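Morning, everyone. Let me put the model on the screen, and then we'll walk through a few helices and a few single residues.

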Amino acid sequence: MAHDLVIVANRLPVDRVTEKNGRAAWRRSPGGLVSAIEPVMRAHDGVWIGWSGGNEARLKPFTVDGLHLVPMAMSETEISEHYEGFSNGTLWPLYHDLIAKPEFHREWWDTYVKVNRRFAEKAADLAADGATVWVHDYQLQLVPQMLRELRPDLRIGFYLHIPFPPTELFQQLPWRRQILEGLLGADLVGFQLPGAAQNFVRLVRQRVGHKTHRDLVYLPDGRTVRAAAFPISIDASGFEELARSEAVTARAAEIREALGNPRKIFLGIDRLDYTKGIYARLRAFGELVSEGALDVDDAVFVQVAVPSRERVEHYRNLRDDIDRLVGRLNGDLGRIGTPAISYMHTSYPREEMAALYRAADIMVVTPYRDGMNLVAKEYVACRIEDDGALVLSEFAGAAEELRQAWLVNPYDMNGMKAALLEAFQAQPKEVTRRMRAMRKQIAQHDVKAWADSFMTELELAEDVQHTKTLRPATRS
């Protein structure tokens with residue numbers, strides 16, 4: 001069956017679950033991406049191609065809540081070399097400012113090419129004549145060009161959900177030209193921030209040699225590729241509705257009671273990842289308590305660390321480091337029944353997350369580098385009484401939009417301590433002024449607006465290809 005819209009992503013928008021009767025089933029994953037894309041898929045007879053998360057080789061296409069899904073298989077070797085290896089051992093640290101040292105292995109690259117080709121071939125098989133294909137994220141950066149070669153009739157968009165590095169860092173990648181050429185197979189290449197789009201255009205000009213003008217790249221075959229920023233967001237109204245529900249309101253009160261009803265609750269919710277700055281923020285909080293600026297009767301820190309990539313050594317080491325830090329801080333600073341830090345290494349459903357957002361007075365989001373960080377936006381959406389303070393890293397994409405947050409440099413320990421203390425001591429009127437402005441921003445720029453803006457620009461891309469564009473005589 002041919003489809004007018006094909007979504008290509010590393011993962012399917014569903015998780016495998018075991019029902020009460022013991023049977024395996026699929027359940028839609030939490031998160032805004034599927035919510036944003038779902039209406040577009042329904043309107044265009046869409047299909048979603050993605051990895052199921054396991055190594056099953058014979059999964060057939062299936063439907064969940066009316067969404068047509070096509071699972072892609074990966075062998076254990078491909079999971080190790082494509083997903084854990086090149087995607088998360090090479091590209092992830094490289095694209096996140098080398099917070100960890102990237103590894104460059106030729107066999108990882110070969111497997112990355114192989115998996116990307118299989119995704120491209122599947123998309124080519126499923127796309128109708130003149131269909132639109134929207135490819136997502138760093139695991140599939142070669143798919144646009146491969147798909148273009150197989151199906152030149154298609155309109156192709158690509159969106160990168162993580163940061164795109166500056167020239168000096170990207171140039172370390174041995175396969176830098178291949179990645180750039182892979183992305184140039186798209187008509188529209190989307191990034192979280194304008195700076196990332198500019199980095200991409202600059203690299204194409206310098207390393208591939210194509211002519212460029214502002215956000216456009218002119219290819220020798222006559223095509224024009226546009227690189228632009230489309231900051232992703234959340235289902236703001238959905239989170240607000242959830243936060244107002246009686247169940248979430250009651251659960252938030254239970255959480256505060258369980259924590260001893262402290263004056264202020266600090267909250268961190270992150271994937272357990274070395275880019276998120278969890279260790280530094282907990283250390284900053286611990287120093288404030290040990291110095292007497294905060295007291296455990298008045299302030300408690302709740303940190304949720306969602307398990308992530310536990311087969312990768314960097315992540316196992318990080319978990320051990322945080323476990324030791326939390327144990328030491330609670331041993332030094334806590335009292336019987338009153339720990340300084342409540343630490344949970346687990347994942348929670350959307351309802352529990354909303355309750356945590358409602359319960360917390362101060363949200364602490366301090367990544368060393370993040371494409372956007374939707375947790376910060378989710379917290380803002382759930383503050384239905386226009387209260388609550390947000391301490392936010394300058395290096396999260398969300399800082400470009402949530403300028404009323406207490407912005408911090410997560411590498412500056414004293415600066416982070418000062419921001420935590422300012423948020424703790426802020427007057428209610430100041431907190432409300434800041435939160436009200438951020439809530440307005442989130443409401444006006446939600447995930448539906450993000451998807452609509454990208455798809456609108458992609459639809460215009462075909463018209464651009466047939467327009468006689470005055471090309472610059474020299475590179476700019």
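Where is the place of leucine 98? Leucine 98 sits in the loop between helix 2 and helix 3, the latter running over residues 106-126. Keep in mind that this is a predicted model. Leucine 98 has a phi near 60°, a positive value in a residue other than glycine. Most residues other than glycine have a negative phi. Leucine 98 is partly exposed, with a relative accessible area of 27%.

There is another positive phi to look at. Asparagine 373 has phi near 85°, and this too is a residue other than glycine. Asparagine 373 lies in the loop between strand 16 (362-365) and helix 13 (374-382). Its relative accessible area is 7%, so asparagine 373 is buried.

Now helix 13. How many of the nine residues of helix 13 are buried? Eight of the nine are, so helix 13 is largely enclosed by the rest of the structure. The buried residues are Val375, Ala376, Lys377, Glu378, Tyr379, Val380, Ala381 and Cys382. Note that Lys377 and Glu378 are in that list. What covers them? The cover includes helix 8, strand 13, helix 12 (350-359), strand 16, strand 17 and helix 15 (428-444).

Aspartate 386 is in the loop between helix 13 and strand 17, residues 389-393. Aspartate 386 has a relative accessible area of 17%; the cut-off for buried is under 20%, so this residue counts as buried. Setting aside residues up to four places away in sequence, aspartate 386 touches Val431, Thr432, Met435, Arg436 and Arg439.

Next, helix 8. Its buried residues are Ala236, Gly238, Phe239, Leu242 and Ala243. They cover an arc of only 165° around the axis, which puts them on the same side of helix 8. On the other side, Ser237 and Glu241 are exposed. The buried residues of helix 8 pack against helix 9, helix 12, helix 13 and helix 15.

Take one of those partners, helix 9. Two packed helices are described by the angle between their axes and the distance between the axes. Helix 8 (residues 236-244) and helix 9 (residues 246-258) pack at about 65°, with axes 5 Å apart. That angle makes helix 8 roughly perpendicular to helix 9. Which residues meet there? From helix 8 come Leu242, Ala243 and Arg244; from helix 9 come Glu246, Val248 and Thr249. By class, this contact has three nonpolar, one polar and two charged residues.

On to helix 11, residues 313-333. At 1.5 Å a residue, its 21 residues should span 30 Å, and the end C-alpha atoms are 30 Å apart, which agrees. Tyr315, Leu318, Ile322, Leu325, Val326, Leu329 and Leu333 are buried in helix 11. Seen down the axis, the buried residues fall within an arc of 100°, so they line one face of the helix. The general rule behind such spacing: an α-helix has 3.6 residues a turn, so residues three or four places apart point the same way. On the other side of helix 11, Glu313, Arg324 and Gly331 are exposed. The buried residues of helix 11 pack against helix 2 (76-95), strand 13 (264-271), helix 10 (278-290) and strand 15 (341-344).That brings us to helix 2. Serine 87 is in helix 2. Serine 87 has 0% relative accessibility, so this residue counts as buried. Leaving aside neighbours within four places in sequence, serine 87 is in contact with His82, Trp92, Tyr112, Tyr138 and Gln139.

Tyrosine 95 is also found in helix 2. Tyrosine 95 is buried, with a relative accessible area of 0%. Not counting residues up to four places away in sequence, tyrosine 95 touches Gln141, Leu160, Ile162, Pro163, Phe164, Pro165, Phe170, Ile179 and Arg369. How many residues apart in sequence are tyrosine 95 and leucine 392? They are 297 residues apart in sequence and 20 Å apart in space, C-alpha to C-alpha.

Last stop, glycine 53. Glycine 53 is in the loop between strand 4 (46-51) and strand 5 (62-64). At 35% relative accessibility, glycine 53 counts as partly exposed. Glycine 53 and alanine 443 are 390 residues apart along the chain, and their C-alpha atoms are separated by 33 Å.

Methods: Residues numbered from 1 in each chain as written. Predicted model: local features only at pLDDT ≥ 70, side-chain atom pairs only at ≥ 80, totals over all residues. Heavy atoms only, no water. Axes fitted to C-alpha atoms, helices over the stretch in contact; angles between N-to-C directions. Helix = DSSP H or I, 4+ residues; strand = E, 2+ residues; numbered from the N terminus. Parallel < 35°, antiparallel > 145°, perpendicular 65-115°, else oblique. Contact = heavy atoms within 4.5 Å. Nonpolar A, V, L, I, M, F, W, Y, C, P; charged D, E, K, R; others polar. Expected span 1.5 Å × (residues − 1). Buried < 20%, exposed > 50% of the residue type's maximum accessible area, 1.4 Å probe, protein only. Arc of directions from axis to C-beta.
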